[in-house]
Amino acid sequence: MKTISRFVLYLTLSLLISCSSEDDPIPADDVTNPDDNPSNPNPTISPKLVSTTEIGSFSAAELTVLIGLANIDLGDNAFQYDVTVSKMVYETEFKGETINASGLIITPTALDEDFDLVVFNHGTITAHSEAFSETSPTGQLMPLYAALAATGNIAIFPDMIGFGESSNFFHPYYVKDVTASTVRDMIEVTASSSSSFTGDLYIAGYSQGGYITMVSHEDIQGNPIDGVNLRASFPSSGGYDVKGMQEYFFSLETYDNPYYLGYVSLAYQDNYDVPFELDELFNQPYADLMPSLFDGSNTSGLINAQLTDDISELIVADALVNFDTDNQYDFLRETLIDNGVITWTPTIPMFMYHGSADITVPYQNSVDTYERLLSNGASPDVLKFITLEDKTHGTGVVPYIESFMAELSVIKN
């Protein structure tokens, strides 16, 4: 048996950097494929579903032991259901084309019961092997994902474009509209595929997953999905004010995760019609090196090792001084602002979390976002901010899981 410390490490890293034959993950009689019955004028499944393929399962007893070994406290008798783990492939839109995207769907195996839907969004990943759907069903990461379903939920985990079935595309990192549509389409497919779905939806995620969560909340609140009732979201430790993140990076002398800056720049270069050259922002040799580093074969740690943590060595001197005033940087500056998620007003409960000692994604970014949303008109009864006292980006993961799962249980009951 693996040691407890190693198990905890793997679970924590999965949230930080992720943070057979075909079988349906829900009872077969709950799914109708319109292609099997072309005369059906009211198909019960979205045509965007491509397939679900069962890849594993866990019993409630197994998960009780495994999560206990990880020293994560989700309460006594938290795991009430055996679960089935499946890979879902579904259609979504990207750059004006219909493409296949993917993720995990994990469902309780109980019959004749209805379950709420919970979406969990991963943190920043760079290697294709880190995608949710690439996780080994017998590996050390899967029990944490399965635990969310074993407490009594249908749980989905979007890979996001650039990973899984869509790994031939560059990941649209911190691109707001694509982020929203990718998650939205997986929710729609799941909702239309299961007669055991209650209609109630919850969304959670850590780090980039926190950003994905808040973007999805804004999108669904403003444009509800038929048959889906968003009850609450739980974003943690995300860079919601994307322009504020750039200002934070540029204010530092050193930063331990320089790959973030390259990732955002490459994503914006790939996604927008007004391109810019990397050497307008990054010094050599880093400008020329970055595209090859983000080819899907390298983890963030391997990418960081090829860059420099010295901001003055990484970023062009003119950009450090004139980014907010020089017309040369108009496109990047405006794009950073546009992809922020700070100009809306949440009217559905949202519980924000962040570690007060986090300097990777700075705690202040969440504080500023919270205050901005309140100033936009959000009620403090709807928008809550939970400080994870003295927690860093790494040590805040487990307290976040425990807190949001407890809050989720209260809301559901």
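A salt bridge is counted here where a side-chain nitrogen of Lys or Arg lies within 4 Å of a carboxyl oxygen of Asp or Glu. The views below are taken from a predicted model, in which eleven salt bridges are found by this rule.

**Figure 1. Salt bridge between E165 and K87.** The closest N and O atoms of E165 and K87 are 2.8 Å apart. E165 is partly exposed, at a relative accessible area of 35%, whereas K87 is buried, at 18%.

**Figure 2. Helix α4, residues 176–193.** With 18 residues at 1.5 Å a residue, α4 should span 26 Å, and the distance of 26 Å between its end C-alpha atoms agrees with this. Of the 18 residues, 14 are buried, so the rest of the structure largely encloses the helix.

**Figure 3. Salt-bridge network of R184, E188 and D219.** Within helix α4, R184 and E188 are four residues apart, about one turn of the helix, and their side chains form a salt bridge with an N to O distance of 3.4 Å. R184 also forms a salt bridge with D219, where the closest N and O atoms are 3.0 Å apart. This second pair links distant parts of the chain, from helix α4 to D219 in helix α5, 35 residues apart. Shared partners join R184, E188 and D219 into one network. R184 is buried, with a relative accessibility of 11%. E188 is partly exposed at 24%, and D219 is partly exposed at 23%.

**Figure 4. Positive phi at S207.** S207 is a residue other than glycine, yet its phi is positive, near 65°. The residue sits in the loop between β6 (197–206) and α5 (208–222). S207 has a relative accessible area of 1%; the limit for a buried residue is under 20%, so S207 counts as buried.

**Figure 5. Positive phi at D390.** D390, likewise not a glycine, has a positive phi near 65°. D390 is located in the loop between β9 (383–388) and α14 (397–412). Its relative accessibility is 64%, and D390 therefore counts as exposed, the cut-off being over 50%.

**Figure 6. Cis peptide bond from Q284 to P285.** Omega of the bond from Q284 to P285 is near 5°, and the bond is cis. P285 lies in the loop between α7 (259–271) and α8 (286–293).

Conventions
Residues are numbered from 1 along each chain as its sequence is written. This is a predicted model: local features need pLDDT of at least 70, side-chain atom pairs count only at pLDDT 80 or more; totals for chains, interfaces and linings use all residues. Side-chain values use heavy atoms; hydrogens and water are left out. Helices (H or I, at least four residues) and strands (E, at least two) are DSSP runs, numbered from the N terminus. The expected span of a helix is 1.5 Å times one less than its number of residues. Buried means under 20% relative accessible area, exposed over 50%, partly exposed in between (1.4 Å probe, protein chains only).
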